[in-house]
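Here are my notes on the interface, in the order I'd go through it. Have the structure open while you read.

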Protein chains: 2
Amino acid sequence: MYEVFFSKFNEKVQLSESEEYAVKQFLTPKKLRKRQYLLQEGDICKTVAFIEKGAMRSYIVDSNGQEHIFSFALEGWAIGDLSSFLTEQISTQNIDALENCELVLISKYAHDQMLISVPKYATFFRILMTEAYIALQKRTLSIISMSLDDRYKSFIDQYPDIVQRVPQHMIASHMGLSPETLSRIRSRIGKSQ
Amino acid sequence: MYEVFFSKFNEKVQLSESEEYAVKQFLTPKKLRKRQYLLQEGDICKTVAFIEKGAMRSYIVDSNGQEHIFSFALEGWAIGDLSSFLTEQISTQNIDALENCELVLISKYAHDQMLISVPKYATFFRILMTEAYIALQKRTLSIISMSLDDRYKSFIDQYPDIVQRVPQHMIASHMGLSPETLSRIRSRIGKSQ
DNA sequence: GGTTTATCTTGACCAAAATCAATAGAATTT
DNA sequence: AAATTCTATTGATTTTGGTCAAGATAAACC
């Protein structure tokens, strides 16, 4: 149990047996069926979810009722509304399962406790946070500086597994485009993948 | 010296006198004249800069030679190419001063040392990192889901000081727009500010 | 197995932003 | 003080992506 989680953890910060045991006490397993919600807007994000198996997404709904996907997450990734989780304010995001999922949940209480009592958790969290920031920075740079064709090419290059497992119109939504436009981009660049 | 830096630090994590002294040993003051570079693309980002006074920006240049501003930073903010800083790979970003600046520099060596020897620095860095991520997430959400008018309104609302101190065409660049389009947005919404 | 629903593509048309160009006022430089 | 550079606005035109609509295929559901 928790194989993917601890393999990721040990890849970033090496844990001893006893440390691993200590962390384990704070974790909760959870299964989610496809289309089930982990978080709905208006609620407070009470847990961060680490994905052992499956695929999830987070999205917001704008004033016209249109969905906009903020992020995808596959095995080995974490998902949650960090802003709501840390401040305990209500969230504007929705998070649901794109496939049946096996998750490892970390509650706010568990998170706060581990930050205090398991120094390596603080390190692990800092590293994940930094990596997430760098990835988001890269995405922002590509939005403000690249052509749509290049943005899509770089996306399939960086996340081929997402392209394979997620419907195309959701990738369009993630890029801030209409499905029709993404379809035309693909035909322009030769439907690679 | 370092007033703004330590006031920010203590706001996030309270330091004792001796801890403050320990941190001080790792800091380097630096003044930059307007238009001077802190980092040029092709170089490795060797320091993170904390701004005591002045204004800076980071930007990338695309394949057509066009500049795209990634971020602004004023007093109390930090700036640097985190990806290059942490991995010690060459940077694609340029960082320069928009006004004469007084900076506090933290080198990679100082950063690594403090992470090990000053636990509260690790906490401080984790908190800054988390806040930066949340801000960038908010920006990304606004890009994929809001109208340009609303994005600009929310920008002047959130960063009135930047709007006042930075030329309009740079704000257009930061939003990924042409200067003409931003000018037209302003005339549409009534030139607020 | 057959129906319904989801997904993707393509075309026609429309709306929005980019580009090109000209102007004018501010701010810097010399 | 004059000249130069930077900045912002406005108009005309072009380009790009969005919207609407129809059709085709594939997948999920009963």
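How many residue pairs are in polar contact between chain A and chain B?

1. Two, with both pairs at pLDDT 80 or more. Keep in mind that this is a predicted model.

2. On extent: chain A and chain B bury about 2,800 Å² between them, and 76% of that is on carbon and sulfur atoms. By contact, 29 residues of chain A meet 29 residues of chain B.

3. Next, where the contacts on chain A come from. β5 (67–73), α3 (82–87) and α5 (119–145) of chain A each supply at least two residues of the side that touches chain B. α5(A) gives the most, with 16 residues.

4. As to composition, the side of chain A that touches chain B has 16 nonpolar residues, nine polar and four charged.

5. Finally, symmetry. Chain A superposes on chain B through a rotation of 180° with 0.0 Å of shift along its axis, at an RMSD of 0.0 Å. The two copies are therefore related as by a two-fold rotation axis. Both copies use the same surface, too: 100% of the contact residues of chain A recur in chain B.

Definitions and conventions. Residues numbered from 1 in each chain as written. Chains lettered and ligands numbered in written order. Predicted model: local features only at pLDDT ≥ 70, side-chain atom pairs only at ≥ 80, totals over all residues. Heavy atoms only, no water. Contact = heavy atoms within 4.5 Å. Buried area = accessible area lost by both parts, 1.4 Å probe. Polar contact = N/O pair within 3.5 Å; in protein donor to acceptor, adjacent residues only side chain to side chain. Helix = DSSP H or I, 4+ residues; strand = E, 2+ residues; numbered from the N terminus. Nonpolar A, V, L, I, M, F, W, Y, C, P; charged D, E, K, R; others polar. Least-squares fit on C-alpha atoms with pLDDT ≥ 70 in both.
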